[in-house]
Amino acid sequence: MRYRRAFTPGGTFFFTVVTWQRRPILRSAAAVATLRSAFRHVQRRHPFTVNAAVVLPDHLHCLWTLPPDEADFAVRWRLIKSWFTRQRKIRTGHVTDATRRSQPAWQKRYWEHLIRDEADLTNHLDYIHYNPVKHGWAECPADWPYSSFHRHVADGHYPVDWGTAPIDCGAAGHE
């Protein structure tokens, strides 16, 4: 199947990236730290801004803004996924060889959505930050440590008790 991607220079994009067969490989602080390192490593050579993110044990959601003259988020995701996978194999000793092939860390594809306007942006920000509650990992967004929610509270975008009641995120998110 051929997917059409929305390559828009300088665009802001929502992404859902899922682990291979939804294995919970992102459940530890060490795994999340490795993922953050992968992001920083790729950002040095291929800049982008992470507007929001949440990492759950088997998937993550992000909002990125690309530089004004850049549209290639696909190369960024390829590099993040491969860097994370290499570091994870080094750390855990899971080395692929001819007799024992390790399972991949990531599903091959990911969901991407070009943010259209302020309402769309707000819906996706809310979706990202409410996601740990939606999946039963936290009672409220403030309880989940692997989220940009805390940064958004510090910046005054959310009150600290936001998300203690169910949130309607419109049509945002696609898992």
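1. Basis. This is a predicted model; local features need pLDDT of at least 70, side-chain atom pairs count only at pLDDT 80 or more, and totals for chains, interfaces and linings use all residues. Residues are numbered from 1 along each chain as its sequence is written, and side-chain values use heavy atoms, with hydrogens and water left out.

2. Sheet. Four strands make an open antiparallel sheet, ordered β2-β3-β1-β4. Strands are DSSP E runs of at least two residues, helices H or I runs of at least four, both numbered from the N terminus. Pairing requires at least two DSSP bridges between two strands. Direction ignored, neighbouring strands are turned by 10° on average.

3. Strand β1. Residues 12-18 form β1, which pairs with β4 in the antiparallel sense over four bridges. Phe 15 has Glu 112 of β4 as its bridge partner.

4. Helix α1. Residues 29-45 form α1, which packs on the sheet and touches β2 and β3 (59-65). Contact means heavy atoms within 4.5 Å. The direction of α1 makes about 160° with that of β2. Axes are lines fitted to C-alpha atoms, for helices over the stretch in contact; angles run from 0 to 180 degrees between N-to-C directions.

5. Asn 131. This residue sits in helix α3 (residues 118-134). Asn 131 counts as buried because its relative accessibility is 0%. Buried means under 20% relative accessible area, with a 1.4 Å probe and protein chains only.

6. Cysteines. Cys 62 is buried at 1% relative accessible area, and Cys 140 is buried at 12%. The disulfide count is zero, taking a pair of cysteine sulfur atoms within 2.5 Å as the criterion.

Key:
Buried means under 20% relative accessible area, exposed over 50%, partly exposed in between (1.4 Å probe, protein chains only).
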